[in-house]
Amino acid sequence: MSRAKKYAAILIFIFIFCFLRKKANLLTFQRTESSNTPMDGIFAYTILILLTIFSFMFLPKPNRRRPQNQTLAKLPPGSMGWPYIGETLQLYSQDPNAYFSTKHKRYGEIFKTNILGCPCVMLTSPEAARFVLVTQAHLFRPTYPKSKERLIGPFALFFHQGEYHTRLRKLVQRSLSLEALRNLVPHIEALALSAMNSWGGDGQVINTFKEMKMFSFEVGILTIFGYLEPRLREELKKNYRIVDNGYNSFPTCIPGTQYQKALLARRRLGKIIGDIICERKEKKLLERDLLSCLLNWKGEGGEVLSDYQIADNIIGVLFAAQDTTASAMTWVVKYLHDEPKLLESVKAEQKAIHKSNEGNLPLSWDQTRNMRITHKVVLESLRMASIISFPFREAIADVEYKGFLIPKGWKAMPLFRNIHHNPEYFPEPQKFNPSRFEV
């Protein structure tokens with residue numbers, strides 16, 4: 001329809017509107033008290049009908065033809081839960097194993113849901129994991145809910161992809177090079193001995209996970225900062241603990257909630273790390289830790305990392321290493337406790353290494369590479385516990401996988417937990433059996 005005809009149609013509609021409104025007012029004035037004719041209602045219905053006719057006649061019609069490049073795939077089965085919160089409460093209020101297993105049995109290996117306000121497609125097979133993380137990784141970008149990004153920091157490397165991500169990843173890897181790790185082994189052993197000595201004896205009960213988190217935090221501080229004076233270490237530990245407690249809480253800024261307390265503690269963490277950066281710059285110390293790697297980096301054009309970028313990546317590394325490592329160590333203790341014979345085998349292996357050191361030499365890197373039984377126990381513990389349930393990846397375009405659509409902007413989340421507990425890949429998945437890794 002031409003522009004002139006559209007204007008004419010609009011003018012006609014306005015004229016009809018005014019005429020009917022005037023007529024309705026006149027009839028309403030003339031009606032008697034005994035009259036039950038609802039003239040305002042008739043007028044309203046008339047206007048509604050005219051609006052409907054007008055929209056069908058004169059508004060542009062949607063293009064109902066499917067674009068050539070648009071997929072015929074449909075969304076996977078599943079439930080999106082409540083508006084905004086989705087199924088977050090269901091996930092956080094029960095065992096994740098039970099939640100995802102129920103979904104898998106009901107909907108199959110691909111299903112949709114909504115977690116932390118993010119529409120998601122969950123994938124429960126190794127092939128799907130490879131599709132998202134390896135073969136078609138260019139169609140997905142690493143992403144996390146904004147609530148978690150605010151607590152870690154927007155410059156952390158795992159919120160990015162491309163050149164910035166590659167550059168930061170290389171810097172982190174440089175601080176954890178083989179040579180750096182070789183030098184760290186005796187220091188980590190000293191921290192482990194100190195931690196165990198602090199647990200006391202005489203039947204004292206400890207919280208294993210809590211103690212493992214404290215130990216892994218100390219190792220993280222050592223790796224990131226090298227030596228750090230006790231006052232700063234305690235300030236970092238105190239505020240990091242608050243952030244950590246709020247990391248998986250429901251994201252709300254209501255005062256007094258865990259998440260809001262975590263946001264405030266995150267600001268204090270940034271200030272503490274900023275002070276450490278300033279001191280390191282003033283003293284021009286040349287260390288081999290992560291902070292020095294970040295501070296000393298210079299691009300081809302002479303650009304350097306800002307203090308905010310450095311602080312966000314330091315906190316990001318702490319988050320990536322501390323909780324997961326502590327969880328893994330806790331599960332190792334638990335599984336060995338449940339398997340007395342296996343525990344004796346691990347103890348025998350460790351005693352043999354200790355004896356070869358004549359009881360007083362520090363542990364060496366080569367000796368850590370010669371713990372075959374212990375290594376298999378760690379692998380089986382990681383499989384059983386599935387420390388990382390799933391990674392966050394976001395589709396940068398509409399993606400089709402096995403006839404289902406992963407819409408642009410949705411999260412694609414391979415469920416490692418379901419893969420690790422699938423009997424097709426791991427016979428008797430609920431049985432703790434380190435020997436399965438002998439092959």
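Arg-369 lies over the face of Trp-365, 4.6 Å from the ring centre. A charge counts as sitting over a ring if NZ of Lys or CZ of Arg is within 6 Å of the ring centre and within 35 degrees of the ring normal. Arg-383 is placed over the face of Phe-426, at 5.2 Å from the ring centre.

This is a predicted model, in which local features need pLDDT of at least 70, side-chain atom pairs count only at pLDDT 80 or more, and totals for chains, interfaces and linings use all residues. Residues are numbered from 1 along each chain as its sequence is written, and side-chain values use heavy atoms, with hydrogens and water left out.

**Aromatic pairs**

The whole structure holds 12 aromatic pairs. Rings of Phe, Tyr and Trp (its six-membered ring) pair if their centres lie within 6.5 Å; planes under 30 degrees apart count as stacked, over 60 as edge-to-face and the rest as tilted. Two of the pairs are tabulated here.

| Ring pair | Centre distance | Plane angle | Class |
|---|---|---|---|
| Phe-131 and Phe-140 | 6.2 Å | 70 degrees | edge-to-face |
| Phe-390 and Phe-392 | 5.6 Å | 80 degrees | edge-to-face |

Phe-131 and Phe-140 are both buried. Buried means under 20% relative accessible area, exposed over 50%, partly exposed in between (1.4 Å probe, protein chains only). Phe-390 and Phe-392 are buried too. Ring pairs also link Phe-390 and Phe-392 with Tyr-99 and Phe-100 in a cluster.

**The chain as a whole**

The protein chain has 17 helices and seven strands. Helices (H or I, at least four residues) and strands (E, at least two) are DSSP runs, numbered from the N terminus. Of the 439 residues, 40% are buried. The chain exposes about 26500 Å², and carbon and sulfur atoms supply 59% of that area. Accessible areas come from the Shrake-Rupley method with a 1.4 Å probe; for residues, only the protein chains shown count as cover. Among contacts with a separation of 6 or more, 67% join residues 24 or more positions apart. Contact means heavy atoms within 4.5 Å.

Five strands form an open sheet in the order 1-2-7-4-3, with mixed pairing. Strand 1 (110–115) and strand 3 (140–142) are at the edges with a single partner strand each, so one side of each lacks a neighbour in the sheet. Neighbouring strands are turned by 35 degrees against each other on average, direction ignored. Two strands pair if DSSP finds at least two bridges between them.

Strand 1 and strand 2 (residues 118–123) run antiparallel, joined by six bridges. Lys-112 stands opposite Val-121 in strand 2, and Ile-110 stands opposite Leu-123.

Axes are lines fitted to C-alpha atoms, for helices over the stretch in contact, and angles run from 0 to 180 degrees between N-to-C directions.

Six of the six residues of strand 1 are buried, so strand 1 is largely enclosed by the rest of the structure. Both of its faces are covered. Ile-110, Lys-112 and Asn-114 are buried on one side, and Phe-111, Thr-113 and Ile-115 on the other.

**Single residues**

Gln-260 belongs to helix 11 (residues 258–283). Gln-260 is buried, with a relative accessible area of 18%. Neighbours within four places in sequence aside, Gln-260 is in contact with Thr-252, Cys-253, Ile-254 and Pro-255.

Lys-146 is in helix 6 (residues 146–152). Lys-146 is exposed, at 60% relative accessible area. Lys-146 and Cys-118 are 28 residues apart in sequence, and their C-alpha atoms are 9.8 Å apart in space.

Most residues other than glycine have a negative phi. Lys-402 has a positive phi of about 50 degrees although it is not a glycine. Lys-402 sits in the loop between strand 5 (399–401) and strand 6 (404–406), and is exposed at 54% relative accessible area. Glu-428 has a positive phi near 50 degrees. Glu-428 lies in the segment after helix 17 (416–420), and counts as exposed at 55% relative accessibility.
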